Amino acid sequence: MAGTSEYVRELLPDWAEVNFIFREDFDGDGREELLLGYSFTEPEQHSGLHFEVLWLASCPHGFVRRLILSTVPGADSMYGEADDIYGVFDAAYAADTNGDGRPELILGLTAGNGHFVTPYVFHWMRGLPMLVWRTEEAYGHGALDVVDEGGEGIFEIAIESSRFADETEIVSVPEAGPHLRERSVCRWNGHTYVCDTHPASRLHSGYQAAVSFLWSLWKGDYEIAYRLTLLPTFLGLDGLDDSSLDAFRRQVDEQLRPALVRNLDRGGLLPEPSHSFCWFEGAEDFFSLGLMGDKDGVKVVSVYVNPKDEVLG
């Protein structure tokens, strides 16, 4: 679907931030479709942050498009406020979870100060994306992932969250502090997704991906850094036309590597990791790396460099 970037730019709201770009054959017709997730605000309406998912397919006369989901009240979308869907973007995956050989869209939206995540799963039926499953409850301090536990190319949906009951009798911690964790693994049984719950501890895979990414750029190993990024999301809308290694190299050489070298020449970076981002303090700049799960593990989706003198005044 080359040459679509300008077309898509005209469709997006002002100040939209692209959260993910998936280019897959979702409906099984032998041609790739595009799924684009983006967040934006409507300053004049003072309505906060909104999230939408746009589906785009090529046709003989150009493009067909459909707004799959929108959290804007009253939006002309397939799913939204009337379906009790709300929240801001947290995670998204394109993976085969039902064994039909085609990817589904697995989406996580979060709401509230406790980072309450609700998963939504869309299957393609008769060429259209249909919401087939969501959980009745939202998961506090939730983190959504997909895993192929059987190694057969069929993925399960994994949701890790905090348990607030067991530790409160003997430990006093704020809501944002550490809690016991549990993991729900949800599998397709032919009709719906069935979840099994068991204890789990969070691995620091996001932090590891962030450090490996920066280390590879510092050493000039662009191929490793390239494999650690989620493409074309990392390159933004320009990645729709070119998400090659050369395009990746041009972007990081222009926007990231000079700042990284400048800071590392004066000492190490101080990290502050999270499950969805990793923040580093250097001698001159702050580095904020956005992280997102992929079928092959956690990948880097964005890097922002902010001079310390501007942030700290």
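Does Trp 15 count as buried or exposed, and at what relative accessibility? Trp 15 counts as exposed, because its relative accessibility is 75%, above the 50% cut-off for that class. The model discussed here is predicted. Its protein chain has six helices and 16 strands, and buried residues make up 44% of the 313 residues. The points below are grouped by topic.

**Overall composition**

- The accessible surface of the protein chain comes to about 15900 Å². Carbon and sulfur atoms account for 49% of that surface.
- Among contacts in the protein chain with a separation of 6 or more, 45% are between residues 24 or more positions apart.

**Strand S3 and its partners**

- Strand S3 spans residues 49-59, and eight of its eleven residues are buried. Strand S3 is therefore largely enclosed by the rest of the structure.
- Strand S2 (residues 33-41) runs antiparallel to S3, and eight bridges join the two. Within this pairing, Leu 35 stands opposite Trp 55 of S3.
- Strand S4 (residues 62-70) also pairs with S3 over eight bridges, in the antiparallel sense. Here Cys 59 has Gly 62 in S4 as its bridge partner.

**Cysteines and the disulfide**

- The count of disulfides comes to one. The bond is formed by Cys 186 and Cys 195, whose sulfur atoms are 2.2 Å apart.
- The torsion about the S-S bond of Cys 186 and Cys 195 is about 100°, so the disulfide is right-handed.
- The two partners fall into separate accessibility classes: Cys 186 counts as buried at 0% relative accessibility, whereas Cys 195 is partly exposed with a relative accessible area of 31%.
- Cys 278 is buried, with a relative accessible area of 0%.

**Backbone geometry in loops**

- Most residues other than glycine have a negative phi, and most peptide bonds are trans. The following residues depart from one or the other of these patterns.
- Trp 15 has a positive phi, near 65°, and is a residue other than glycine. Trp 15 lies in the loop between helix H1 (5-11) and strand S1 (17-24).
- Asp 84 is likewise not a glycine, yet its phi is positive, at about 60°. Asp 84 is found in the loop between S4 and strand S5 (88-95). With a relative accessibility of 46%, Asp 84 counts as partly exposed, because the exposed class requires over 50%.
- The peptide bond from Leu 231 to Pro 232 is cis, with omega near 5°. Pro 232 lies in the loop between helix H3 (222-227) and helix H4 (245-255).

**Ser 5 and its contacts**

- Ser 5 has its place in helix H1. Ser 5 is buried, with a relative accessible area of 5%.
- The side chains of Ser 5 and Asp 241 are joined by a polar contact of 2.6 Å.
- When its neighbours within four places in sequence are left aside, Ser 5 is in contact with Leu 237, Leu 240 and Asp 241.

- In H4, Ala 247, Phe 248 and Val 252 are buried. These three cover an arc of only 125° around the axis, which puts them on the same side of H4.
- Arg 250 and Glu 254 are exposed, on the other side of H4.
- Helix H5 spans residues 257-264, and its buried residues are Ala 259, Leu 260 and Asn 263. Their arc around the axis is only 100°, so they lie on the same side of H5.

Conventions:
Residues are numbered from 1 along each chain as its sequence is written. This is a predicted model: local features need pLDDT of at least 70, side-chain atom pairs count only at pLDDT 80 or more; totals for chains, interfaces and linings use all residues. Side-chain values use heavy atoms; hydrogens and water are left out. Helices (H or I, at least four residues) and strands (E, at least two) are DSSP runs, numbered from the N terminus. Buried means under 20% relative accessible area, exposed over 50%, partly exposed in between (1.4 Å probe, protein chains only). Contact means heavy atoms within 4.5 Å. Accessible areas come from the Shrake-Rupley method with a 1.4 Å probe; for residues, only the protein chains shown count as cover. Two strands pair if DSSP finds at least two bridges between them. A disulfide is a pair of cysteine sulfur atoms within 2.5 Å. The arc is that of the directions from the helix axis to the C-beta atoms. A polar contact is a pair of N or O atoms within 3.5 Å; within protein, one must be able to donate a hydrogen and the other to accept it, and residues adjacent in sequence count only if both atoms are side-chain atoms.
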